[in-house]
Amino acid sequence: MVEEFAFDNTEERRRDRQNDAGWIEVIVGSMFSGKSEELIRRLRRAQIARQKVQVFKPKIDDRYSIEQIASHSGMTHVSNPVMTAKELMAQIKPETEVVGIDEGQFFDAGIVEAVNELANSGKRVIIAGLDQDYTGKPFEPMPQLLSIAEFITKTHAICVKCGATANYSQRTFDSEELVEVGASGKYEARCRRCFVPHSDEPTVHD
Ligand code: ADP
Ligand code: ZN
């Protein structure tokens with residue numbers, strides 16, 4: 001399946017800029033689905049177009065590096081770790097044209113109003129995050145962000161059990177915590193058939 005992202009086309013952006021409007025792009029999917037890769041790809045293209053870019057991630061996620069967003073395939077981009085949506089907004093520079101945000105699911109509910117405000121002020125906002133938690137439930141605030149976004153991209157991983165399209169993040173250990181930092185070895189991509197929604201179900205490793 002080939003996807004075209006017309007909205008990072010420079011010509012289209014220029015047209016949108018005529019009324020000073022910004023917009024919101026949301027990238028959602030399971031773990032390992034390529035959300036960070038896609039976010040980094042769009043941010044790099046914006047920088048090639050010499051647009052002013054600021055990138056943020058919540059402080060809760062310390063995988064690989066605090067000062068970077070990173071994909072599982074090793075792509076990285078410098079980023080600014082922030083605790084809250086309010087802190088993010090306080091760091092926004094007026095001249096910034098593109099705001100990238102990774103791990104959106106770890107932000108407080110204030111992120112919804114924040115990204116709306118950024119788009120209203122003429123900025124392009126690209127926010128990536130998990131749309132479901134490890135039990136398969138919608139992961140707030142991503143559903144709200146999906147509702148207000150102009151553009152939505154759903155990315156998919158490959159099921160590690162059967163090779164089908166994976167839409168779920170399977171937890172492979174027991175924990176009561178909704179959020180477990182550091183996905184490496186703790187989660188795997190699963191399809192609808194292979195996903196086991198309850199964390200207390202044993203996970204068999206081949
Ligand atoms: P996300 O941000 O959605 O967790 P990343 O962008 O960090 O995803 O990583 C995507 C990359 O992870 C893929 O390009 C691939 O190299 C790697 N990968 C590892 N396991 C899988 C899997 N089960 N399905 C797809 N890609 C995988
Ligand atoms: Zn499967």
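Me: Which element gives the most residues to the shell around ligand 1, and how many?
Reply: The model is a predicted one. Two or more shell residues come from helix H2 (35-48) and from S9. Of the elements, the one that gives the most to the shell around ligand 1 is H2, with 3 residues.

Me: How many nonpolar, polar and charged residues does the shell around ligand 1 have?
Reply: Ligand 1 is surrounded by 16 residues, and the closest are Lys-35, Ser-36, Glu-37, His-72 and Ile-158. Sorted by class, the shell has 3 charged, 7 polar and 6 nonpolar residues.

Me: What distance separates a polar side-chain atom of Ser-36 from an oxygen atom of ligand 1?
Reply: Backbone N or O atoms also lie by oxygen atoms of ligand 1: one of Ser-30 at 3.4 Å and one of Gly-34 at 3.0 Å. For Ser-36 the atom is a polar one of the side chain, and the distance to an oxygen atom of ligand 1 is 2.9 Å.

Me: What percentage of the accessible area of ligand 1 does the protein cover?
Reply: Ser-36 has a polar side-chain atom 2.9 Å from an oxygen atom of ligand 1. On its own, ligand 1 has 580 Å² of accessible area, and the share of this that the protein covers is 75%.

Me: What is the arrangement of the donor atoms around the zinc ion (ligand 2)?
Reply: The zinc ion (ligand 2) is coordinated by the SG atoms of Cys-159, Cys-162, Cys-191 and Cys-194, at 2.3 to 2.4 Å. Four donors count as tetrahedral if all angles lie between 85 and 135 degrees. The 4 donor atoms here subtend angles of 102 to 116 degrees, so the arrangement is tetrahedral.

Me: How many residues apart in sequence are the parts that Cys-159 and Cys-194 tie together?
Reply: The donor residues of the zinc ion (ligand 2) follow the spacing C-x2-C-x28-C-x2-C. Cys-159 sits in the loop between strand S9 (157-158) and strand S10 (165-166), whereas Cys-194 is in the segment after strand S12 (187-190), so the pair ties together parts whose separation in sequence is 35 residues.

Me: Is Cys-159 buried or exposed?
Reply: Buried means under 20% relative accessible area. Cys-159 has 3% relative accessibility and therefore counts as buried.

Me: Which residue has a side chain joined to that of Thr-155 by a polar contact?
Reply: Thr-155 is part of strand S8 (residues 151-155). With a relative accessible area of 10%, Thr-155 is buried. A polar contact of 2.8 Å joins the side chain of Thr-155 to that of Ser-33.

Me: Which peptide bond is cis?
Reply: Most peptide bonds are trans. Pro-141 is in the loop between strand S7 (124-130) and H5. With omega near 5 degrees, the cis bond is the one from Glu-140 to Pro-141.

Me: Is Arg-50 buried or exposed?
Reply: Arg-50, in the loop between H2 and strand S2 (53-58), has a positive phi of about 60 degrees although it is not a glycine. Exposed means over 50% relative accessible area. At 74% relative accessibility, Arg-50 is therefore exposed.

Me: What is the phi of Phe-32?
Reply: Phe-32 is placed in the loop between strand S1 (23-29) and H2. At 35% relative accessibility, Phe-32 is partly exposed. Its phi is positive, in a residue other than glycine, with a value near 70 degrees.

Note on methods. Residues are numbered from 1 along each chain as its sequence is written. Chains are lettered from A and ligands numbered from 1 in the order in which they are written. This is a predicted model: local features need pLDDT of at least 70, side-chain atom pairs count only at pLDDT 80 or more; totals for chains, interfaces and linings use all residues. Side-chain values use heavy atoms; hydrogens and water are left out. Donors are N, O and S atoms within 2.8 Å of the metal (3.2 Å for Na, K and Ca); water is not among the atoms, so sites may look incomplete. Four donors count as tetrahedral if all angles lie between 85 and 135 degrees; four count as square planar and six as octahedral if opposite donors are over 155 degrees apart and all others between 65 and 115; anything else is irregular. Helices (H or I, at least four residues) and strands (E, at least two) are DSSP runs, numbered from the N terminus. Buried means under 20% relative accessible area, exposed over 50%, partly exposed in between (1.4 Å probe, protein chains only). A residue is near a molecule or strand if one of its heavy atoms lies within 4 Å of it. A polar contact is a pair of N or O atoms within 3.5 Å; within protein, one must be able to donate a hydrogen and the other to accept it, and residues adjacent in sequence count only if both atoms are side-chain atoms. Accessible areas come from the Shrake-Rupley method with a 1.4 Å probe; for residues, only the protein chains shown count as cover. Ala, Val, Leu, Ile, Met, Phe, Trp, Tyr, Cys and Pro count as nonpolar, Asp, Glu, Lys and Arg as charged, and the others, Gly among them, as polar.
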